[in-house]
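Please find below some points for a colleague who is new to this structure.

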Amino acid sequence: MTDLQQMDLQSAIDQMRILLTLYPQRVYKMAYYRKQTKNHWARDDPAFCFLQIAMIAAVSIAYGFAFRVGSFLDIIAVVTKSVLVNWLGFGVIIASVGRLIANNHLMMAERSSSHVKQEVEWLYAFDVHCNAFVPLFVLLYGVQLFLLPVVLGPSLLSLGVSNTLFAIAFGWYFYITHLGYRALPFLSNTEVFLFPIAAVLALYVFNYVGYPFGLGFNASRIMAYIYFES
């Protein structure tokens, strides 16, 4: 993991770029090639994860300066929370739940007794999370950083900009998650991984409808409180 010379960082960067285009499913063609040549779907090069951790750490430090975090230890705490909770913890949960749903409910019936039984690898499920995290990172770590004066305000405009960022980020996240499971030829009805998008949209609408009644919430202000004021 620490030997940079053994990592294909350029390939990881190229994959991240693809995930930010209109055709993110192209990334999963590489998983198919790995299955054909190495008999596994998951990445065997840690470069993608390494880059994500490095980028999360760097932007978290920038947030620490933006919120005028008092000490070096406090900044380390922000970085640790971002990496271990937002990326790793969230990823472990999503990968485990996704794998469980896929293996228990979405497997195609075996065509013959001689057919080799396949199942979703946990590492591949985590790869899917890492892929889906790319646009979420760009919007909620990158774009939001430059919009802090806007999204942290108390107005309806601030609420709208903040929640639109979060809605797009999580909608994109679950769409790429769906593409990851759809790429596996032994799964069916993978549209179930799109269902969380409906919940995202429902929350988004609820915030606007509930705002006049004091029920709307600004996602950016909530996250700022959790990370920098709690």
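1. Asp44 counts as partly exposed, at 45% relative accessibility. The model is a predicted one. Asp44 forms a salt bridge with Lys38, and their closest N and O atoms are 2.8 Å apart. Lys38 is likewise partly exposed, with a relative accessible area of 45%.

2. In the structure there are four salt bridges. One of them joins the side chains of Arg99 and Glu119, at 3.4 Å from N to O. This pair links distant parts of the chain, 20 residues apart: Arg99 belongs to helix 4, while Glu119 sits in the loop between helix 4 and helix 5. Arg99 is partly exposed, with a relative accessible area of 27%, and Glu119 is partly exposed at 45%.

3. A further salt bridge pairs Asp14 with Arg17, where the closest N and O atoms are 3.7 Å apart. Both residues lie in helix 1, three residues apart, or about one turn of the helix. Asp14 is partly exposed, with a relative accessible area of 32%, whereas Arg17 is exposed, at 54%.

4. The largest nonpolar core has 57 residues, of which Trp87, Val120, Tyr124, Tyr181 and Leu187 touch the most other members. Among the elements giving two or more residues to this core are helix 3 (47-66), helix 4 (72-105) and helix 7 (156-182). Helix 5 supplies the largest share, 13 residues.

5. Which residues does Val120 contact, leaving aside its neighbours within four places in sequence? They are Arg99, Ala102, Asn103, Ala125, Tyr181, Leu184, Phe186 and Leu187.

Methods: Residues numbered from 1 in each chain as written. Predicted model: local features only at pLDDT ≥ 70, side-chain atom pairs only at ≥ 80, totals over all residues. Heavy atoms only, no water. Core = buried A, V, L, I, M, F, W, Y, C linked by side-chain atoms within 4.5 Å. Buried < 20%, exposed > 50% of the residue type's maximum accessible area, 1.4 Å probe, protein only. Helix = DSSP H or I, 4+ residues; strand = E, 2+ residues; numbered from the N terminus. Contact = heavy atoms within 4.5 Å.
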